[in-house]
Each structure stands twice: as C-alpha cells, then as structure tokens.
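Here is a friendly walk through one protein model, written for someone who has not seen it before. Have a look at the sequence and the picture, then read on.

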Amino acid sequence: MRVIVTNSYEEMSASAARIVAGQIYLKPNSILGLATGSTPEGMYNELIRVHKEVGLDFSQVISFNLDEYIGIKDSDPNSYHYFMNNKFFKHINIKKENIFIPNGNMQNIEQECKKYDALIEQKGGIDLQILGIGNNAHIGFNEPDVKFEAITHKVKLDEETIAANARFFASKDEVPQYAISMGIKTIMRSRRVILLANGKNKAQAIYNALYGPIRPATPASILQLHQDVTVILDKQAATLLPPV
Ligand code: F6R
C-alpha cells in the first residue's frame, strides 16, 4: 500500500487525477471503476480540465460505477446516474455505450447484480478502481459486517450512512434505504485501486482501514490484502496515522 499525504483537498484531487490520466494515456481503452460522493468531485474536475486543455481522450474508456440507490429515478438529482452525468460524463468525450452504472429500478435486482459482475468480467475486468470511504469505513455501499466474498449485491444502508447522505436530500426520510453495490470481491478483483479521503471526519476510518485488523466490521480494511493500492489523503484525513 502506498500512502500519499497531501496538503489540501485540491492537491489530493490533482494527485488522483494524475494517476487516472496516466492510466488512460498508457491504455486508452482502460476500464475504470468510479465512485460518487463529495470526495472524488475535485478529481473529476481536474480530469475535465486535463481533457479540455490537454486533450486527455476518453473515447475508448469504459466505466463501471460502484453503486446506485434502489428506487429513485435516473433523472433524480440524487441518483448516482445524475451525479456522474452532471459532474463528469457530460464534460468529457466518453461514449454513452461505454458507461455502466447499476440500475436500481429493475424489477429483478438480483438478476441486475449478477449481470453487472458478468459484464465487468466480459469487458476484461477493472484496471483502476477509484474509492472513497464512509465514516464507518464502508467502500462502495459495503457496510460494516459485509461478507468479504460478496460480488455485486443489494444492500441495506446503515443508519450512519443514511444520516451522512441526508445532506443531499430534503430530509433524512427521503434517503433510500437500499442500494446496489459492487461487492468487496468485485472491488478486490480490480488491478489497481486508489482510495481517496479528505477531512477530519474520515481520519478514524482511514486509520482503521490501514492499521486496524482486517475484519468485516471495517470493510475498507480488506484493501490491506490488495497488491496495488494507492491511498491519497489530505492532511486532515491523515491526522491519526503514525508519522513515517
Ligand atoms: C459512492 C461510494 C461511497 C462513498 C463514501 C464517501 O459511490 O461508493 O462509498 O465513497 O460514502 O462519500 P463522500 O465522498 O461523499 O464522503
């Protein structure tokens, strides 16, 4: 595991964007695993800038998002479909047919989950997976006490996650209770992983993920077993880490 501690959110974002851009430069048809949330927004902005100013080409890139709520429309501003399109996809030259996000509006969610993992495999597997981390150390929507063997599946969101995500909704009651998430196994199959975190409220989760025991109560701790993880933090998220 490589750990990069940066001075600010902007530096963290730029550092992550450089790795993603380098990946695409070396392999234009890279398969990216993407996250939503506040954490990667700066990285997406930087990638958009590099696309517009330097011509970073996304025309052959394929993307798979980590997760999506169950039961809200793609057009809902809180859906992850909407987030990705608005914050990233519509600003770059990725092809619509190369964008994959779990569909939380299917009748048969189980079948949708199975299809999602099969599709990732069929396309060749994820080259580079971007992750944020929850205050409870979730990755994707793999909440504490997740099964490390799980592939893409339906999850019941933790009360803590619902409370954290309520900031985007009119009230806590409007936050969906369920989501589809890539499983820990799906994430661990990615060839490279970047884990991003900023802000003091992520410091404990980062400490537990990097230095705590590897256990389902700390979903991100499984990353200690991955052969190619780069953790990029701002100073605040790194406050509990031992000095190097
Ligand atoms: C989002 C996702 C989540 C977030 C995590 C942190 O696709 O998979 O695991 O990365 O909840 O969210 P933010 O970045 O909003 O603090």
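## A loop residue to start with

Let's begin with Ala137, which sits in the loop between β6 and β7. (Strands are DSSP runs of E with at least two residues, helices are runs of H or I with at least four residues, and both are numbered from the N terminus.) Ala137 is not a glycine, yet its phi is positive, at about 70°. Most residues other than glycine have a negative phi. Ala137 is also buried, with a relative accessible area of 2%. (Buried means under 20% relative accessible area, exposed means over 50%, and partly exposed lies in between, with a 1.4 Å probe and protein chains only.)

Asp145 is found in the loop between β6 and β7 too, and it has a positive phi of about 75° without being a glycine. Is Asp145 buried or exposed? It counts as exposed, at 61% relative accessibility.

## What you are looking at

A quick word on the ground rules: this is a predicted model, where local features need pLDDT of at least 70, side-chain atom pairs count only at pLDDT 80 or more, and totals for chains, interfaces and linings use all residues. Residues are numbered from 1 along each chain as its sequence is written, and side-chain values use heavy atoms, with hydrogens and water left out.

## The strands

Seven strands form an open sheet with parallel pairing, in the order β1-β10-β9-β6-β2-β3-β5. Its edge strands are β1 (2-6) and β5 (99-100), each of which pairs on one side only. (Two strands pair if DSSP finds at least two bridges between them.) Within the sheet, β6 runs parallel to β9 (residues 192-197), and four bridges join them. Leu128 is the residue that stands opposite Arg192 in β9.

There is antiparallel pairing to look at as well. Strand β8 (residues 178-181) is joined to strand β4 (residues 67-69) by three bridges, and these two run antiparallel. Here Glu68 has Ile180 in β8 as its bridge partner. β8 also pairs with β7 in the antiparallel sense, over four bridges, and in that pairing His153 has Ser181 in β8 as its bridge partner.

## Around Thr152

Back to the loop between β6 (128-131) and β7 (153-156), where you will also find Thr152. At 6% relative accessibility, Thr152 counts as buried. Which residues does Thr152 touch, leaving aside its neighbours within four places in sequence? The list is Cys113, Tyr116, Asp117, Ile180, Ser181, Met182, Gly183 and Thr186. (Contact means heavy atoms within 4.5 Å.)

With Asp117, the side chain of Thr152 makes a side-chain polar contact at 2.4 Å. (A polar contact is a pair of N or O atoms within 3.5 Å; within protein, one must be able to donate a hydrogen and the other to accept it, and residues adjacent in sequence count only if both atoms are side-chain atoms.) Asp117 counts as buried as well, at 6% relative accessibility.

## Salt bridges

Side chains of opposite charge can pair when their charged atoms come close. How many salt bridges are there? The count comes to 11, taking a salt bridge as a side-chain nitrogen of Lys or Arg within 4 Å of a carboxyl oxygen of Asp or Glu. One of them links Asp117 and Arg189 (3.8 Å, N to O). Asp117 lies in helix α4 (residues 109-123) and Arg189 in the loop between α6 (184-188) and β9, so this pair ties together parts that are 72 residues apart in sequence. Arg189 is partly exposed, with a relative accessible area of 43%.

Another salt bridge joins Lys172 and Glu159 (3.6 Å, N to O). Lys172 lies in the loop between α5 (159-165) and β8 and Glu159 in helix α5, so the parts they tie together are 13 residues apart in sequence. Then there is Asp228, whose salt bridge with Arg192 has its closest N and O atoms 4.0 Å apart. Arg192 itself is partly exposed, at 26% relative accessibility.
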